[in-house]
Structures are given as structure tokens and as C-alpha cells.
Number of protein chains: 6
Amino acid sequence: MKYGVRNDLRAVVKKVKKDEVMAQAEFALEGPLGMTCVISRDSMDDLDLKPGDQVRLLVKAINVIPVKD
Amino acid sequence: MKYGVRNDLRAVVKKVKKDEVMAQAEFALEGPLGMTCVISRDSMDDLDLKPGDQVRLLVKAINVIPVKD
Amino acid sequence: MKYGVRNDLRAVVKKVKKDEVMAQAEFALEGPLGMTCVISRDSMDDLDLKPGDQVRLLVKAINVIPVKD
Amino acid sequence: MKYGVRNDLRAVVKKVKKDEVMAQAEFALEGPLGMTCVISRDSMDDLDLKPGDQVRLLVKAINVIPVKD
Amino acid sequence: MKYGVRNDLRAVVKKVKKDEVMAQAEFALEGPLGMTCVISRDSMDDLDLKPGDQVRLLVKAINVIPVKD
Amino acid sequence: MKYGVRNDLRAVVKKVKKDEVMAQAEFALEGPLGMTCVISRDSMDDLDLKPGDQVRLLVKAINVIPVKD
């Protein structure tokens, strides 16, 4: 399986919260960093994410914004 | 300075390439992971990213896609 | 501080509303125009936007869609 | 014609540049502000934007990032 | 009316659900496929989508991710 | 394999073009419709898309914009 995205990061689910339309999950990445995603509630229900689940997080390169001090 | 984005990751520039309209940079994150961004050539010229530069990478939570095996 | 985005607009907060997962804020731009953003509820709580607050609104050029009659 | 986007701004084309795959246009908004968009070269050719053309710029609220000092 | 997006698909509304900030609609495309959109609640109220309504769905090419087995 | 996206469409590659930073592919969907994607050149090279290849196209619901006449 190959994805047309540059960023594909292994992660573990920490926490999930849900509204009727949207839902959010927090993840620990390999190493010291974490990441948060927001998806539709329906997609969250399909994925059925629970704390401890192993996932991969895809991020298109076009959606990453560099900031320099 | 506070940003309305969930994901704000420290990174170091590894490599940059440029077209007339778009440009791409590759980064090492803290820990074992890396990340790639694509921005406009004009933004890349303004930022003037060079290998070794320290930056922060912002990613809105809505642009992160979880995948589960 | 330099951002890898083309659009960086000064604005003043007019109105905020919140759900459990998402939140919305409306802004007045310099001049006659306004703008609306939707971010995660957690990001809204971190920013703590209130009517009258001065902010900057970042928009990546890739997320702007021109329409011609 | 009604669009499912919160931000719909009148603008005038200032400048266009093109690569084989992507293209960029710069605009003056009503008032003192300007904006830049990046779209595919094919979409730019279909729109045939030229300096002086009047357009509307659509931006989904989810793609606006507030920053507070 | 010409849009600076590559993908412009005719569709019929099947179902709508709403939160305070966000709303979701499901559509049948021409042919066997369907599609779902999430927009702000305010945009949904402006559009006033109801089952059976004919719409067009715009998707920027940059937001389409190809996956290959 | 489950994806946190609402839209997952089977498609066949029709045509590919590439710049140094970005690349574009056109697809036929099941039924009468087509779709175009723009990804980084590096992702296109990894995927190695060629006319006739079968793929799936993922589109987050948040990136679909309904328009009503």
C-alpha cells in the first residue's frame, strides 16, 4: 500500500473526544513528540480509535507550514 | 505568540528544492522522525530556509489523517 | 518571526462560538472586509479569543480559490 | 449561486506566474489588503486570469489560522 | 462562472446533520458513487441543503490523495 | 486498512505530468466522472502512477465545497 503523501508517521492513540459532527484524537509519536487530529465523527466511529491503538498519521506536505524566528 | 493550530513541532532543515511557483523542504523532527513541507516559491524565498536552520512546523489538526491496519 | 504562508492579514475579533470539538470566530479585517475561521475548541481555548482582540490571520495561498463570472 | 464557504472576497488580479503543474496569482482586495492564490496550471489556463480581471476569492473558514501576539 | 478548481461534480443531497459549529451533508454523485462534505454550520444554514437538492461539489486537486495497493 | 476520511473512490489513472516540485494525475472514476489530483513530485515518483493503474482516491470531507445555483 503506497500513499501519495510525504508524511506518514507511526503513532499511538492517547485520547479521543466526540461531537455529533466532528471528533478529535490525540496521539504520541515515536520519540518525544505528540500530534492531534480532527476528523468527522462518522470517520472516528468507523476507525473506532481507543487509547493504546497503533495508527499511522498521514499529512500532505502542502499542509505543513514552516515558521522561522 | 500563540497559534490557532494544535500541532507545533520543532525541526531542523535538511534539504530544499525550488520550482518557479512551488518549493519543498525536508526536515528532521526532534526524535527519530522527519517531515516534508511544500510551500510557494515566494514564501520559501522570504523564509530563506537553509540546511541547519531551526524552524517550527505548524499543522492544523484537521489536516492529519489517521490510518489503522 | 516569519511564516511560510503568503497571506497574513491584521484583524480584530468580533464574535466567538464553541462546540465540544470545534469553535468558530468572526473577524473584521483592515478596510471593509470580514473573515471567519474555524479551529479546534482546544486551540480556541489556548488562544482565548475575545471580541476586540487584535490577531493576524494566516491563509496558505493553496487554500484560496478564485472564481470568475 | 451560493457557496458552502464562509469567506467570499471581491478582488482584482495584479500579477500571474505559471509553471507546468502549478500557477500563482496575486490580487488586490477591496480596501488596503492583498491576497495570493496558488492553483493548478490547468485551472489557471481555464480561468485565463489577466491583470485587471475582477474575481471573487473563496476561502473555507477551516483554512484560516488565527495568531495572537 | 468559472472556478479555479479541477474537480466540479454534479450531486444530489441525501442527508444532512448539524452541530452548533459544524455540519455534514451526504451526496449521491452521477453514477454509482457518493461523497460527504463537512462545512461550517453557518454555511450549511446559508445553503439550506435538503435531501433531493441538486448541487455541485468542488474539490481542489491538491486535496485529493491517491493510494495504490 | 481503515482511513479516517469519508471519501474513498476507486479510479483508474489516465494521464500524469510532472514538474520538479509538483506533479498532477488525471483519473477516471467508476461511472461517468473524472477527477484530478496534485501531489509532490517525490510522492508521484514513489507511487509511480502510469495510465491504466488502479488506485483509490481519498478526499477528506472537510475539503469538499458544495455550491447551489
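Two strands pair if DSSP finds at least two bridges between them, and strands here are DSSP runs (E) of at least two residues, numbered from the N terminus. The model is predicted, so local features need pLDDT of at least 70 and side-chain atom pairs count only at pLDDT 80 or more, while totals for chains, interfaces and linings use all residues. Residues are numbered from 1 along each chain as its sequence is written, chains are lettered from A, and side-chain values use heavy atoms, without hydrogens and water.

**Exercise 1. Find which strand of chain F pairs with strand 6 of chain E, and name a residue pair.**

Step 1. The partner is strand 5 (residues 54–59) of chain F, and the two run antiparallel over 3 bridges.
Step 2. In that strand of chain F, L58(F) stands opposite I65(E).

**Exercise 2. Describe the interface of chain E and chain F by its contacts and its buried area.**

Step 1. With contact taken as heavy atoms within 4.5 Å, 36 residues of chain E touch 36 residues of chain F.
Step 2. Buried area is the accessible area (1.4 Å probe) that two parts lose on being put together, summed over both. Here that area is about 3,300 Å², and carbon and sulfur atoms give 65% of it.
Step 3. P66(E), V67(E) and K68(E) supply 20% of the area that chain E buries against chain F, more than any other three residues.

**Exercise 3. State how many salt bridges cross this interface, and describe one of them.**

Step 1. The rule asks for a side-chain nitrogen of Lys or Arg within 4 Å of a carboxyl oxygen of Asp or Glu.
Step 2. On chain E, the side that touches chain F draws at least two residues from each of strand 2 (7–18), strand 3 (22–29), strand 4 (34–40), strand 5 (54–59) and strand 6 (65–68).

**Exercise 4. Work out how strand 2 of chain E pairs with strand 5 and strand 3 of chain E.**

Step 1. Strand 2 and strand 5 of chain E are antiparallel, with 6 bridges. D8(E) has L58(E) as its bridge partner in strand 5 of chain E.
Step 2. Strand 2 and strand 3 of chain E also run antiparallel, joined by 7 bridges. V16(E) is the bridge partner of A25(E) in strand 3 of chain E.
Step 3. Strand 2 and strand 3 of chain E form a hairpin, with 3 residues between them.

Conventions: Helices (H or I, at least four residues) and strands (E, at least two) are DSSP runs, numbered from the N terminus.
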